[in-house]
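Open the structure in your viewer and get the selection tool ready.

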Amino acid sequence: ISCSSSPLTSTHSSLFLSLSQIKMGFLKTKGEIYKAVEDVDVGPNSNQFYLTANVKAPRMAGFLVKVFAWLLETPIFGSIMLYFLKRNNLIHKLVTFAELQESPLYVPLHYYEGGKEEENQSGASPREQVRQALGCMVAPKPLYSFSRWTILDYSTAYNSKLITPTKVMERFLSAVEHSSTPSMQMSFFINFDAHDILRQAAQSTHRYQQGEALSVLDGVPIGIKDEIDCMPYPTTGGTKWMHKVRKCKDDAECVKRLRSCGAILVGKTNMHELGAGTSGINPHHGTTRNPYNIGRIAGGSSSGSAAVVAAGLCPAALGVDGGGSVRMPAALCGVVGFKPSFGRVSHSGVLPLNWTVGMVGILAGTVEDALLVYAAISGPNSSHHSQTALQPTLCFPMLKSPKPIPNIRLAKYGEWFNDCNEEIRVCGSRALEKLHDNYGWETIEVTIPEIEVMRLAHYVSIGSECTTSIGRELEKLNKDEVGWDARVALSVYGSFSSQEYLNAQRIRNRQLQFHKRIFSMADVIVTPTTGVTAYTIGNDTRHTGELDYINGAALVRYQIAGNFLGLPAITIPVGYDNSHLPIGLQFIGKPWDESLLIHIAFSMQALCISQYKNPEVFWDLLAN
């Protein structure tokens with residue numbers, strides 16, 4: 001296995017490998033010797049030490065990023081820098097030279113072990129699955145001081161002849177134009193086509209006039225992250241060059257399913273370049289700004305998808321979650337972010353930047369809207385034909401009952417849960433108290449060992465897969481077409497060796513066994529979604545992006561298990577900090593147990609939705 005394929009580092013990769021294999025002298029790092037999994041206590045009184053993220057890097061932007069990128073790309077000096085960067089940040093100790101007993105686990109597909117809810121099962125067409133999901137929901141909703149229009153609101157308005165999809169899309173286009181003015185510069189989209197949008201709207205309007213709407217999604221605007229193929233647009237992956245070397249010839253499978261339900265696909269939403277960052281700052285296509293405060297980041301990498309939902313332009317949007325890239329921006333922008341189990345949604349037509357950790361996910365204004373889009377896009381992963389038998393029948397939770405499922409157990413690792421800023425800790429703790437006081441749900445203390453080890457192993461995996469995937473294209477590319485922060489990321493990614501990649505997969509196997517033991521004691525794991533709320537966009541980031549590994553580590557702190565282990569996870573807005581920035585709470589579920597996970601999220605939403613606040617930037621597309 002060769003994972004050092006990035007041409008931005010190809011001239012010094014062999015030098016780096018020779019350095020990393022030195023067995024003598026001061027450069028050699030002694031690797032961690034890990035106990036057997038069965039000898040590690042995951043109970044509340046475990047003697048396992050909680051290791052905080054050992055990030056040793058200053059924030060850099062502007063000229064400093066350029067200098068750092070140039071140095072990393074220098075053959076000999078770059079190799080030495082990369083060696084010490086990895087050593088100082090504990091990759092060598094915890095991953096590279098670690099001694100493990102486990103064999104590698106390359107793909108996190110799971111055998112189905114059964115779930116709690118089987119009321120509505122499906123294996124039908126997207127329209128039929130949406131119809132079944134709609135049948136699980138309560139139609140009327142109470143009036144709150146602020147709420148976003150839902151998919152059902154759009155459908156009801158169209159069926160009642162109060163407004164047409166064409167009128168809504170005219171308002172949508174006006175809003176997008178307004179969002180691009182110098183005073184706002186929201187940078188929601190990389191690409192959208194007004195003619196195509198109005199064409200789709202006219203077709204939907206005609207169907208409603210004929211009483212032939214395809215589904216509740218007919219005429220509903222949905223954004224598509226520019227990592228997912230959607231005709232007639234090129235797929236850039238947030239770059240200046242990807243669409244030149246990889247042509248978009250058809251819709252991705254998940255997009256085809258949405259289109260078959262009549263959804264209006266309103267364009268390609270902005271993202272962090274190559275998904276290689278957590279801020280959503282993109283030097284090529286603009287920085288997506290947070291609708292709750294346009295001076296703050298929206299989060300990455302599915303920044304545009306989160307922001308269009310938060311701003312009321314779409315009730316839902318698609319993202320891709322390789323390291324929290326759906327849940328993280330959802331939490332920062334105050335919306336729902338849902339990542340299903342690995343393999344639940346087809347990856348066909350998605351940029352192959354991270355084969356074993358990436359999943360198509362959903363950003364939505366409500367849990368109900370996330371459920372409807374989930375119903376539309378779910379189906380076997382065509383990339384794993386031989387594995388589809390592992391996937392259980394799709395199940396939808398019953399969200400009609402006023403009483404939630406009793407006796408839910410929430411696993412909480414206290415030291416990990418509290419490793420966030422104080423406002424997030426307090427808000428998350430109060431949310432758990434609400435669940436106990438209103439539903440009697442129990443929070444049990446557990447220990448999840450080696451969380452920082454898992455973060456580093458995931459970083460090695462996603463970086464190796466990214467550079468291996470696009471290495472051939474990068475070899476022919478003028479490096480000036482790549483953003484400065486992405487060049488730094490690619491240099492680090494290309495430095496990972498086969499030994500590091502293999503050990504990372506052994507850590508994946510080890511972590512999966514730990515999590516199976518946790519799930520034998522609890523139904524879900526609960527955490528804050530991020531360790532910080534949305535931070536300020538620096539004035540020095542416009543042309544170079546930024547390197548902010550400390551904030552980046554805080555943003556991904558609770559995300560990794562969902563990706564590295566292929567687990568379903570969902571974030572729900574549960575409050576705000578003193579700057580009125582949203583705070584999210586995350587639930588991580590057992591493999592294939594999306595039904596229970598959605599039910600838990602819906603129950604949490606019911607306790608918080610009356611307190612939701614409107615963002616600074618918001619458009620009401622169904623006004624009057």
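**Stop 1: the second largest cavity**

Select α16 and α20 (560-564): each supplies at least two residues of the lining of the second largest cavity. Helices here are DSSP runs of H or I, at least four residues, and strands are E runs of at least two, numbered from the N terminus. This is a predicted model, where local features need pLDDT of at least 70 and side-chain atom pairs 80 or more, while totals for chains, interfaces and linings use all residues. Residues count from 1 along each chain as its sequence is written, and side-chain values use heavy atoms, without hydrogens or water.

A cavity is a set of points on a 1 Å grid over the protein atoms alone where a 1.4 Å probe fits but cannot get out; lining residues have an atom within 4 Å of a point. Volume is the space filled by probe spheres set on the points, which are joined across faces, edges and corners.

This one holds about 110 Å³. Show its 15 lining residues; nearest the centre are Trp 416, Ile 451, Glu 452, Arg 455 and Arg 557. α16 gives the most, with four residues.

**Stop 2: the largest cavity**

Here the volume is about 940 Å³. Of 47 lining residues, select the closest to the centre: Ala 276, Arg 455, Tyr 459, Tyr 493 and Tyr 549. Next, colour the elements that give two or more residues: α3 (75-88), α16 (451-475), α17 (484-493), β15 (546-547) and α19 (549-556). α16 gives the most to this lining, with six.

**Last stop: the whole structure**

Zoom out. How many cavities of 30 Å³ or more does a search of the whole structure find? Five.

How values were computed. On a 1 Å grid over the protein atoms alone, a cavity is a set of points where a 1.4 Å probe fits but cannot get out, and a pocket is an open set with protein on both sides within 12 Å along at least five of seven lines; lining residues have an atom within 4 Å of a point.
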